[in-house]
Amino acid sequence: MPGQYPIGAARTGTLPDADALPLSAAARSSASPRRLPGDRDVWIFIYAELCAFGLFFVAYMVYRSDRVDLFNASQLGLDRSLGALNTILLLTSSWAVAAAPRAARLGRIVAVPRYLAFGIALGLAFMVVKYFEYRAKLHAGITISTDMFYMFYFCLTGIHLMHVIAGTIILIVIWLNARARLYHTGNTTGLEAGASYWHMVDLLWIFLFALLYLLR
Amino acid sequence: MDEKTSLKYQMLCAWSGPLFLVAFIYFWGMMGFNLPAPPSPALGADELAARYVEHLGGIRVGFLVSMIVMTLYIPWTAVLSAQMMRIEGRSPVLAFIQLIGGALTVPVVSISSVFWVAAAYRPERAPEITQALTDSGWLIIDTLWACTTWQMVAAALAALHDKCAKPLFPRWLCFITIFCGLSFAPATMTGILKTGPFAWDGVLSFYFPYFCWLLWFALASVYMILEVARRRQAIDSPSPASSARLAHA
């Protein structure tokens, strides 16, 4: 989750190399003890995404309030354990992806791609679980046209899955960069920006899991 | 053509953006009755046909004029292409993608209006035919969104690489542009759904993506006009300050 690593932690000025950063977005803001991790303009993209999903969630709640009985009845058809498994997968991946920039800042450059690879593997595992979940629904004859609840289920989890795929591609890009030893104590901006996006994907899933699978 | 004349045409092209925006919202949105709310896909054929009879004049004139208004997208796309070619140099693939995406947006939007004009053409005919024509129009404009997304993403990527002291678009706008382009994606669901927020009259397939498209268009227009203005100023009064803004950082 975004709150886990970005603000605070290594930013309290205890790092000896904080002044040695090159002229980057990170360097300009590193004077403040609570700087924004990564790239300010990527955060604008992330906020826009959060607003869009906020709109999705409001729409879901509005339509749900109209047909609470139908939503509750249809929700029983969802596989909560698969949803919970995916939540654990994404939360663990967020931990791994948060550990990567920390390792880079501490100069443990070799550990960075390992953490990222673990995060990527968990992202791929999420997609596999989602594939089996969708397949079970379609085999049971449940589609996007079944009712309003399943319309939201397929649309919202489908759009989120697109974000998981995009986030995994971003993780692969920063993993390749990390393997090329691009990230180190002096440069973590790209690494943090990519990690921030991944935390957003995780955060959105936690909301989706609560709204679709748990809310009664 | 000397550069001063060229810049005059560039300025005219850039101003076709705000003109398009106002005219499109008025004719396509208000006069054609797509605002405040388009016809629901859940409407029965008879109700839909009655809607056409009730608003016949507005729908005919609104969409007929909006087809002409839509062509203002052509000069706007052209000047954006020229500005991107300045950034990209010898092999301007992103400018080409943007150009093709913008050029394809014109038929996507205007041909859907043709279907609605055709639907209004014979209000006395069998309502099912009117319904089929209305459906076709909405499915064309909504499910072919990706052409415009290519245009927007290409423009954002090029501007992110602008090395000028004053880049074509600020970085935040580039990221907003990519977001706005991707916000169209739920519109694909209009091909299946008839009710709810992802149907063609829904919040997430109509209001939000169309707002994002026009918001990007408005913001990009402002920065494109400013870019031409900077270049004109550098020619009119070549001061060190104005040329410094155009110089590579």
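The questions and answers below concern a predicted model.

Colleague: How many helices and strands does chain A have?

Modeller: Read along the sequence, chain A follows the pattern α-α-α-α-α-α-α. The secondary structure of this chain therefore comes to seven helices and zero strands.

Colleague: What percentage of the residues of chain A count as buried?

Modeller: A residue is buried when its relative accessible area is under 20%. Chain A has 216 residues, and the share of them that count as buried is 52%.

Colleague: What is the accessible surface of chain A, and what percentage of it belongs to carbon and sulfur atoms?

Modeller: The accessible surface of chain A comes to about 9,700 Å². The part of that surface belonging to carbon and sulfur atoms is 67%.

Colleague: In chain A, what percentage of the contacts with a separation of 6 or more is between residues 24 or more positions apart?

Modeller: A contact requires heavy atoms within 4.5 Å. Taking the contacts in chain A with a separation of 6 or more, residues 24 or more positions apart account for 80%.

Colleague: Which residue of chain A pairs with Arg171(B) in a salt bridge?

Modeller: Side chains of opposite charge can pair when their charged atoms come close. Here the N to O distance is 3.0 Å, and a salt bridge needs it to be within 4 Å. The pair crosses between chains, from helix H8 (residues 171–182) of chain B to helix H2 (residues 40–66) of chain A. The partner of Arg171(B) is Asp41(A).

Colleague: About how many helical turns separate Lys130(A) and Glu133(A)?

Modeller: Lys130(A) and Glu133(A) form a salt bridge, with their closest N and O atoms 3.0 Å apart. Both residues are buried. Because they are three residues apart in helix H5 (residues 111–139) of chain A, the separation is about one helical turn.

Colleague: Which residues are joined with Glu227(B) into one salt-bridge network?

Modeller: Glu227(B) forms a salt bridge with Arg231(B), the closest N and O atoms being 3.0 Å apart. The two residues lie four residues apart in helix H9 of chain B, about one turn of the helix. Salt bridges that share partners join Glu227(B) into one network with Arg86(B), Asp162(B), Arg230(B) and Arg231(B).

Colleague: Which residues does Gln83(B) touch, leaving out those up to four places away in sequence?

Modeller: Gln83(B) lies in helix H4 (residues 73–88) of chain B. With a relative accessible area of 4%, Gln83(B) is buried. Glu227(B), one of the residues it touches, is also buried, at 2%. Leaving out residues up to four places away, Gln83(B) touches Leu168(B), Met224(B), Glu227(B) and Val228(B).

Colleague: Which helix gives the most to the nonpolar patch on the surface?

Modeller: The patch is formed by Ile25(B), Tyr26(B), Met30(B), Leu35(B), Val203(B) and Tyr207(B), with about 490 Å² of accessible area together. Helix H1 (3–31) and helix H9 (203–236) of chain B each supply at least two of its residues. Ile25(B), which lies in helix H1, is partly exposed at 34% relative accessible area. With three residues, the helix that gives the most is H1(B).

How values were computed:
Residues are numbered from 1 along each chain as its sequence is written. Chains are lettered from A and ligands numbered from 1 in the order in which they are written. This is a predicted model: local features need pLDDT of at least 70, side-chain atom pairs count only at pLDDT 80 or more; totals for chains, interfaces and linings use all residues. Side-chain values use heavy atoms; hydrogens and water are left out. Patches are made of residues with over 30% relative accessible area and no salt bridge: like charges are joined within 9 Å, nonpolar side chains (Val, Leu, Ile, Met, Phe, Trp, Tyr) within 5 Å. Accessible areas come from the Shrake-Rupley method with a 1.4 Å probe; for residues, only the protein chains shown count as cover. A salt bridge is a side-chain nitrogen of Lys or Arg within 4 Å of a carboxyl oxygen of Asp or Glu. Buried means under 20% relative accessible area, exposed over 50%, partly exposed in between (1.4 Å probe, protein chains only).
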